[in-house]
Structure formats: structure tokens, C-alpha cells
Amino acid sequence: MRHIISVLLENEPGALSRVVGLFSARGYNIESLTVAPTEDASLSRMTIVTTGSDEVIEQITKHLNRLVEVVKVYDLSEGLHIERELMLIKVRAVGKEREEMKRTTDIFRGRVIDVTDKSYTIELTGDSAKLDAFIEAIDQASILETVRTGASGVGRGERVLRV
């Protein structure tokens with residue numbers, strides 16, 4: 001089962017390395033990882049997307065909580081949450097393809113953020129399924145380059161991850 005684990009940790013050198021090392025040492029896979037400072041510059045928020053049974057996720061959570069730099073760990077998948085991912089995709093767009101690519105981008109509520117004579121660079125945000133659906137909706141041969149951030153998430157409503 002897919003889980004989104006949110007980790008609040010001290011913003012210091014080596015903290016990210018220790019978390020990633022914990023995963024690799026135990027043979028757990030990280031599907032995506034995002035990390036950035038929070039509104040408090042001394043703390044960072046890390047979002048880890050991984051898969052595993054409830055027992056495996058429980059073990060991951062316990063191991064994360066043992067790390068000195070980790071302030072709080074929360075599995076967003078346990079409740080209602082909002083998740084988003086950003087994708088920048090560069091596609092070939094010449095002749096008749098240009099209008100079709102623009103129309104498909106509009107349907108998926110994306111934005112064309114760079115235009116050349118032969119290509120568009122498109123910005124698209126949403127959950128992973130939406131981004132995957134966009135890729136499936138366009139001609140695979142027209143894709144020149146794809147960059148995805150991985151999921152970021154936050155609990156819905158009054159749920160917050162704070163010290």
C-alpha cells in the first residue's frame with residue numbers, strides 16, 4: 001500500500017542523509033522525496049512517498065522517531081489529506097501538434113510556460129494520477145523531457161504537523 005509520510009526535522013547538515021540512510025539500510029524504497037525549510041527556518045518538512053504493509057510502515061515510523069534530528073513523524077495516508085505534485089514537461093509542438101497540445105494542456109488545467117518554434121514547456125500540478133493521465137493523453141513520441149517533483153502533502157482541516 002502507498003503511504004505519504006510527513007517528517008518534521010531539524011534543518012541541519014546531514015539530517016536528510018540520515019533519513020535516506022535509514023531507508024536504504026533496511027531495504028525500504030523511497031518512491032519520491034521532497035524536503036524544504038518550513039516557516040521556522042530551524043525546521044524542515046520532508047515528505048516521503050513509500051510503499052509497504054502496515055507493519056513495514058509502522059517500523060519505518062518507529063525508526064524515524066529514533067533519529068535525533070526528527071521532531072515529529074506523521075503518516076498522512078492514515079486520514080484525509082491533500083497531495084500535489086508538480087510536473088514540467090517539454091513536448092514537441094510543430095504544425096498541427098501545437099493546437100492539439102495547447103488544447104490538451106487546457107483540459108488538464110496546465111499552463112504553457114515556455115514556447116519555441118518547435119516545442120512547448122508545460123507546467124502541470126495535481127495528484128500523481130492526473131499527471132500520469134496527461135502523459136497518457138498526449139502522443140508519447142512528442143515528449144522531449146519530463147521533470148516531476150514527487151508528492152507533497154498536508155492533512156485536511158485542523159490537522160497540522162507542528163512541534
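Helices, of at least four residues, and strands, of at least two, are runs assigned by DSSP and numbered from the N terminus. In this predicted model, the protein chain has four helices and nine strands, and from the N terminus on these elements follow the order β-α-β-β-α-β-β-α-β-β-α-β-β.

**The chain as a whole**

The C-alpha trace spans about 55 × 35 × 35 Å along its principal axes, and 36% of the 163 residues of the protein chain count as buried. Among the contacts with a separation of 6 or more, 73% are made by residues 24 or more positions apart. The accessible surface of the protein chain comes to about 9400 Å², and 52% of this surface belongs to carbon and sulfur atoms. The chain carries 22 positive and 26 negative charges, whose mean positions are 3 Å apart.

Helix H1 covers residues 15–25, and its buried residues are Ala 15, Val 19, Leu 22 and Phe 23. Why do these buried residues line one face of the helix? Seen down the axis of H1, they fall within an arc of 95°, so they share one face.

The buried residues of H1 pack against strand E1 (2–10), strand E3 (43–51) and helix H2 (54–66), whereas the face turned away from the buried side carries the exposed residues Ser 17, Ser 24 and Ala 25. Just after H1, Gly 27 takes a positive phi of about 75°.

**Aromatic pairs**

How many aromatic pairs does a search of the whole structure find? The search finds two, and they are set out below.

| Aromatic pair | Arrangement | Centre to centre | Between the planes |
|---|---|---|---|
| Phe 23 and Tyr 28 | edge-to-face | 6.2 Å | 80° |
| Phe 108 and Phe 134 | edge-to-face | 5.3 Å | 85° |

Is Phe 23 buried or exposed? A residue counts as buried when its relative accessible area is under 20%, and Phe 23, at 1% relative accessibility, therefore counts as buried. By the cut-off of under 20%, Phe 108 is buried because its relative accessibility is 16%, and Phe 134 is buried because its relative accessibility is 0%.

Note on methods. Residues are numbered from 1 along each chain as its sequence is written. This is a predicted model: local features need pLDDT of at least 70, side-chain atom pairs count only at pLDDT 80 or more; totals for chains, interfaces and linings use all residues. Side-chain values use heavy atoms; hydrogens and water are left out. Buried means under 20% relative accessible area, exposed over 50%, partly exposed in between (1.4 Å probe, protein chains only). Contact means heavy atoms within 4.5 Å. Accessible areas come from the Shrake-Rupley method with a 1.4 Å probe; for residues, only the protein chains shown count as cover. Lys and Arg count as positive and Asp and Glu as negative; His and the chain ends are not counted. The place of a charge is taken as NZ of Lys, CZ of Arg, CG of Asp or CD of Glu. The arc is that of the directions from the helix axis to the C-beta atoms. Rings of Phe, Tyr and Trp (its six-membered ring) pair if their centres lie within 6.5 Å; planes under 30 degrees apart count as stacked, over 60 as edge-to-face and the rest as tilted.
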